[in-house]
Amino acid sequence: MEPAGEEQYILITQCLQNDFFLNLDCQLSLPESAVSKLLLDSEGGEALRTEGHRRVLPEAELRHSPLARFLDATVGSRMRGHGDGVLHLINVRDWHVPGEAYDLERRQYGAHCEADTWGAAYVDGLTDLLAPEPPPDCRPEDDWGGRLRVHHVRSNTLYDFQDTPATRESSPLAALLDELLADGRHETTHVVVIGVLTDIKIQLLLTGIRSRYDVRQLVVSDALTASRTLERHLTALDFCQRVLRTEVMTGLAELARFLGSRPDDDRRLTRGGSGSGDAEFAGYSSYIQDKQGILSYEDARLRDYRIQTSERLRQAQRTVSFASKFLLGLGTCLLLTALLLSLLGVVFPGRVGWQSPAVLGALGAGQIVTLFFTRPVRSVQDALAEETIYRMVLESRSLKVALARYHVTTANALRRHDDFGSQSDALERQLEVLEKIDAADFERLKGLGVTPRTDQPGPGTRGRGARRGRTRSA
């Protein structure tokens with residue numbers, strides 16, 4: 001161990017294996033865009049080739065890829081005797097042997113990284129940088145002049161810090177980092193994590209480091225990590241930054257300097273920026289805040305809509321209940337009065353005529369009920385019809401806004417040269433389909449008699465309830 005005052009650098013690579021990059025039969029294999037981001041020269045313009053069920057990368061193309069250039073600027077420079085301090089290269093590999101633990105993971109993620117197979121090996125063409133052979137004249141504790149130490153860690157679980165259940169021993173990664181970060185070395189140690197998958201292995205690895213060690217300088221690379229979708233990749237980086245307090249770096253040259261290298265002498269590392277045409281996390285960090293603002297605003301508006309429509313319906317119900325009780329009492333009184341006058345007319349034929357009981361009975365049984373009872377019923381029907389249409393309009397609007405967000409505010413929209421024309425065309429076609437669905441729904445409502453008193457317009461002009469909804473939403 002070096003004195004605690006000297007700088008120490010740790011580069012942790014996660015799952016840089018054939019199954020994740022080159023094996024098309026593996027369920028966890030990355031899509032072509034993610035593989036190209038790490039293993040293809042961003043300025044070369046060549047695409048991945050496929051032979052059978054495997055991707056094939058020409059060695060010349062692979063050597064100019066962002067991942068190879070970064071490893072050469074850090075690990076390779078230490079092998080050539082350059083760089084500050086000592087760099088500990090820790091390669092964490094998935095390594096599964098038949099057993100209960102592997103069966104549980106295999107059922108969820110499919111077969112991958114089985115022990116001593118091609119898929120579990122390091123990515124073809126990068127073995128000399130990930131597992132370099134030390135010079136024959138060097139002692140094991142003095143590899144490459146003491147500037148580079150290479151450690152290989154095999155992991156058979158998603159969480160690399162999980163202790164061995166049978167013996168309760170610490171995991172190989174935990175035992176190694178306990179030694180490297182002992183005696184206050186966490187104060188002067190720079191830790192960088194690269195590899196895949198960002199939303200699973202990388203996120204869990206950083207969670208373990210942050211929970212076990214007080215590392216002051218903890219960095220994850222945006223350009224040298226990837227996941228199965230860009231959305232998952234960026235969302236995981238956002239979690240690492242906000243929750244785990246991990247710094248997210250994009251530039252390769254900046255990342256190499258953080259590990260004590262001097263990449264300014266290597267033009268290959270500085271050209272091309274991050275080596276990827278994908279969205280960078282620097283832009284996504286503001287995007288996710290905007291997206292959360294849009295979602296919270298839309299949820300608040302929908303809550304307002306529900307409160308407004310529910311209050312209107314409750315008011316209509318209270319009005320009908322009061323009118324029904326009032327008319328029932330009034331009608332009962334009129335009928336009883338008519339009955340009493342009829343009895344008086346029988347007892348005193350000359351004093352009470354038959355006209356008054358007849359008029360009162362008619363008013364109580366017919367005109368009053370028709371005049372005062374059917375109007376609230378019609379109001380209730382109108383209110384229910386408007387309520388139904390109003391809710392349909394709000395649901396349709398919510399779906400349209402969700403589709404618009406999907407096409408306009410997804411992470412893919414942050415690509416530098418994205419085709420916004422195709423997104424707009426797809427959104428327009430989907431909105432046309434929704435308009436047709438709205439028209440069909442309104443026709444069925446008309447057939448059921450659910451129509452307000454005003455003439456029901458088409459889906460383009462929704463009627464009184466819809467107009468009121470659009471005014472309030474505006």
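Q: Which side chain does the side chain of Asp19 make a polar contact with?

A: A polar contact is a pair of N or O atoms within 3.5 Å; within protein, one must be able to donate a hydrogen and the other to accept it, and residues adjacent in sequence count only if both atoms are side-chain atoms. Here the partner of Asp19 is the side chain of Asn23, at 2.7 Å. Asp19 itself sits in helix H1, residues 18-21. Helices (H or I, at least four residues) and strands (E, at least two) are DSSP runs, numbered from the N terminus.

Q: Before we go on, what kind of model is this, and how are its residues numbered?

A: This is a predicted model, in which local features need pLDDT of at least 70 and side-chain atom pairs count only at pLDDT 80 or more, while totals for chains, interfaces and linings use all residues. Residues are numbered from 1 along each chain as its sequence is written, and side-chain values use heavy atoms, with hydrogens and water left out.

Q: How many salt bridges does the rule give?

A: The count comes to 10. One of them joins the side chains of Arg80 and Asp72, at 3.2 Å from N to O. Arg80 is partly exposed because its relative accessible area is 48%, whereas Asp72, at 17%, counts as buried.

Q: Which residue pairs with Lys201 in a salt bridge?

A: That is Asp160, with the closest N and O atoms 2.9 Å apart. This pair links distant parts of the chain: Lys201 is in helix H8 and Asp160 in the loop between S5 and H7, 41 residues apart. Both Lys201 and Asp160 are buried.

Another salt bridge is formed by Asp178 and Arg212, whose closest N and O atoms are 3.7 Å apart. It too links distant parts of the chain, with Asp178 in helix H7 and Arg212 in helix H8, 34 residues apart. Asp178 is partly exposed at 33%, and Arg212 counts as partly exposed at 36%. Salt bridges can also share partners: Asp94, Asp160 and Lys201 are joined in this way into one network.

Q: Is Cys15 buried or exposed, and what is its phi?

A: Cys15 has a positive phi of about 60 degrees although it is not a glycine. You will find Cys15 in the loop between strand S1 (8-14) and H1, and it is buried, with a relative accessible area of 0%. Now look at Arg245, which is not a glycine either and has a positive phi of about 55 degrees. Arg245 lies in the loop between helix H9 (230-242) and strand S8 (247-249); its relative accessible area is 57%, so it is exposed.

Q: Where is there a cis peptide bond?

A: Look between Val196 and Leu197, where omega is about -10 degrees. Leu197 is placed in the loop between strand S6 (189-196) and H8.

Q: How far apart in sequence and in space are Leu205 and Gln14?

A: They are 191 residues apart in sequence and 8.7 Å apart in space, C-alpha to C-alpha. Leu205 belongs to helix H8, residues 198-212, and counts as buried because its relative accessibility is 1%.

Leu39 lies in helix H2, residues 32-39, and counts as buried at 0% relative accessibility.

Terms used. Buried < 20%, exposed > 50% of the residue type's maximum accessible area, 1.4 Å probe, protein only. Salt bridge = Lys/Arg side-chain N within 4 Å of Asp/Glu carboxyl O.
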